[in-house]
Amino acid sequence: MSMMLMIHPDKCTGCRNCELACSMEHEGSFRPKASRVHVYTWEREGFSVPMMCQQCKDPACVAVCMPKAMHRNPANGQVELDADKCIGCKMCVQACPFGCASWDFQGLQILKCDTCDGSPSCAAICPTHALEWVEDTVSAQARKRSFATKLKNAFSEV
């Protein structure tokens, strides 16, 4: 069974532990700018949401990647980045509608969630379980779509 990261924004406190865990896992240091997950906070509304690759059904990042560094892994269905093929053109960064592919100016590399090879450190460290590593079921997909709709509506009201 394939797995997915489930986001529960109603549980997120904005502590940003997920960013620290991610940067430590991938870069060996606490450097939130090098994290593959970013917590966005709306202070006035008292609302925070962790965002990482949404594993889009039809990913724009894959469509624009000429060297095919960004691709869907047929074995697990995840959108992945092959750093060896990446030429650093940043087209994926521009194409991602969620801003989940980013450019690391210090490491000179594309940053994109790789789910820590099936054991995401962000979900493991989250004290409120706002991030969970769950089986990719029909009900999980429905919850993910519901969250996406709520998030889209929140942005369109601004």
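**Note on rings, cavities and cysteines**

1. W42 is partly exposed, at 24% relative accessible area. The scale here: buried is under 20%, exposed over 50%, partly exposed in between, with a 1.4 Å probe and protein chains only. F47 is also partly exposed, at 29%.

2. The model is predicted: local features need pLDDT of at least 70, side-chain atom pairs count only at pLDDT 80 or more, and totals for chains, interfaces and linings use all residues. Residues are numbered from 1 along each chain as its sequence is written, and side-chain values use heavy atoms, without hydrogens and water.

3. The structure holds one aromatic pair. W42 and F47 form this pair, and it is tilted: 5.3 Å centre to centre, with 40° between the planes. Rings of Phe, Tyr and Trp (its six-membered ring) pair if their centres lie within 6.5 Å; planes under 30 degrees apart are stacked, over 60 edge-to-face, the rest tilted.

4. K90 lies over the face of W103, 4.4 Å from the ring centre. The test asks for NZ of Lys or CZ of Arg within 6 Å of the ring centre and within 35 degrees of the ring normal.

5. There are five cavities of 30 Å³ or more. A cavity is a set of points on a 1 Å grid, over the protein atoms alone, where a 1.4 Å probe fits but cannot get out; lining residues have an atom within 4 Å of a point. Points are joined across faces, edges and corners, and the volume is the space filled by probe spheres set on them.

6. The largest cavity holds about 120 Å³. Of its 13 lining residues, L5, M52, C53, Q54 and K144 are the closest to the centre. β1 (3–7) and α5 (138–156) each supply at least two lining residues. β1 gives the most, with four. Helices (H or I, at least four residues) and strands (E, at least two) are DSSP runs numbered from the N terminus.

7. By class, that lining has eight nonpolar, four polar and one charged residues. Ala, Val, Leu, Ile, Met, Phe, Trp, Tyr, Cys and Pro count as nonpolar, Asp, Glu, Lys and Arg as charged, the others, Gly among them, as polar.

8. The second largest cavity holds about 90 Å³. Its lining includes C53, C56, C61, C96 and C100.

9. Disulfides number zero in the whole structure; the cut-off is a pair of cysteine sulfur atoms within 2.5 Å. For C56, the closest cysteine sulfur is in C96, at 6.3 Å, too far for a bond. C15 has its closest in C126, at 6.1 Å, again too far. C15 is partly exposed at 38%, and C56 is partly exposed at 24%.

Methods:
On a 1 Å grid over the protein atoms alone, a cavity is a set of points where a 1.4 Å probe fits but cannot get out, and a pocket is an open set with protein on both sides within 12 Å along at least five of seven lines; lining residues have an atom within 4 Å of a point.
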